Amino acid sequence: MNDDIIDVVVIGGGGAGLAAAVSAAESGASVLLFESETELGGSTQLSAGLFTAAGTSVQRGLGIEDSAEKFFQHYMDLNHWVLTPGLVRAFCENAGPTLEWLIGLGVEIPARESSNAHMPGLCQAGVEDVWRGHVPKDQGYGLVQTLDRARRTHGVEAVLGTRVQKLLVEGGRVVGVVADDIEVRAHAVVVASGGFAQNRDLLEQYYPYPLRAGESLFVVAAPGSRGDHFRFGEQVDSSIAGTDWGLTMPTAYFQRYHHWQAGFPPKSRVYVNKSGRRFMDEDASYAVSGGLMDRQDGPVWVIFDEKARTGLPSGYTDWDADRIAEEADAGRTLRADSIPELADLIGVPADALVTTIDRWNTRLPNGNDPDFLRHRTLANKGSTSNPDPVTEGPFYAARMLPAELVCTHAGLEINPNAEVLDTLGNVVPGLYAAGEAGAGILGLRYVGGGNAVANAVTMGRIAGLNAARWAASGAAPRAALGVAGV
């Protein structure tokens, strides 16, 4: 190949971009990575690093039998089969091998049960039939550091603080990029620039759902999540997949940070709808909890008592005893001396709310929830004690709603090789995409903790390997499907 031409240019230095860069370099390609921010990591570095995968050594170490086929079936069923089966199958088949690749690079995931997304091991990530949530040591930061160490080992240069302006396209073929007004020619380009959670105009166009939260909306995606992939896609008439899909997690109206800063609501809490009735497991996975709230015809309230408020651990920004008192003093969190009075304040039938709280008090504090099975969810989260009854006034009610925007799912449509497709369904030669920028895997339903990270790293690896093959041969790897067996 011409020495003046880079084999693979990667746009974005988050989990997808780093995986693509390392994989391409492992294949012998020369790689140059551009990152718009002043440090690598993107949203992956801000995450818990949870990675969902099937048929892994971690699962086998715990005696758990699982397979990519079971993962695929569950994934498609949860997403109502609206996703392209071939693409999702490629992801499910390659997520496990990609996790083993990460472990080989130095990511530590012990074969032990984990009760939460911050305890290294295997946890229940969503609503899966088999536990698939792999929690790495040192969270997303540790995962990024491992990938970055591999990047440096393979001599991949990362150009920081440089936002790629556009693709170089000649004869319908992508042949490089323009950055800082300088043309950088390449045999292949991988777009891994993240999502668009930080761009309100793009949210209005491609994912308006979280904007319904109004002033309660807060974004935890990385600052670089500005939707640059759409700009690149326009140059090649890319097909767009995933419109109106994303992950917006349920939170209290006053929350402004992700839970490791915000803290958690009290264990002894009850969610009720406008009828004053409980309608869900309060600890249901965010894979489904937002949808359960959306189905309610009116506001959703979290009810708790004074003992629950004062029992909140200190040091958190939002779910803190003093913060709740301040919200109540300001009249934003509602407070009353009795449940009937609280019902009047939130506009629900008093007899219904009293019945709901009485029923809850006779069940979960005794370790059983026959209606919503929350006792099982608590056990899977490592809870060793039952919730206290909600009996000590004053009582509190706060609005709960989907308001924490985590990731967006609309992006450049890709095939199982992570090649970008145009509006006719044809491959755009020389262009690959992964992570939030490469759409079609993150779908109608977020499968659970680790869905986005697994998608980013798995498809980033596939994109990097296939981009390197393209650079080496000058032809797309038509016979290859992902990295299965590598």
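The model is predicted.

I began with strand S8, residues 173–179, and asked how many of its residues are buried. I found 6 of the 7 to be buried, so S8 is largely enclosed by the rest of the structure.

Next I looked up the pairing with strand S7, residues 164–170. S7 and S8 run antiparallel and are joined by 6 bridges.

I then turned to strand S9, residues 182–191, which pairs with S8 in the antiparallel sense over 4 bridges. Ala 179 came up again here, with Ile 182 in S9 as its bridge partner. S8 and S9 also form a hairpin with 2 residues between them. In that turn I read a positive phi of about 50° for Asp 180.

**Asp 337**

I located Asp 337 in the loop between strand S15 (334–336) and helix H13 (339–346). Is Asp 337 buried or exposed? Its relative accessibility is 61%, and the cut-off for exposed is over 50%, so Asp 337 counts as exposed.

I also checked which residues Asp 337 contacts, leaving aside its neighbours within four places in sequence. I listed Gly 393, Pro 394 and Phe 395. For Gly 393, which is 56 residues apart from Asp 337 along the chain, I noted a C-alpha separation of 5.3 Å.

Terms used. Residues numbered from 1 in each chain as written. Predicted model: local features only at pLDDT ≥ 70, side-chain atom pairs only at ≥ 80, totals over all residues. Heavy atoms only, no water. Buried < 20%, exposed > 50% of the residue type's maximum accessible area, 1.4 Å probe, protein only. Pairing = 2+ DSSP bridges. Contact = heavy atoms within 4.5 Å.
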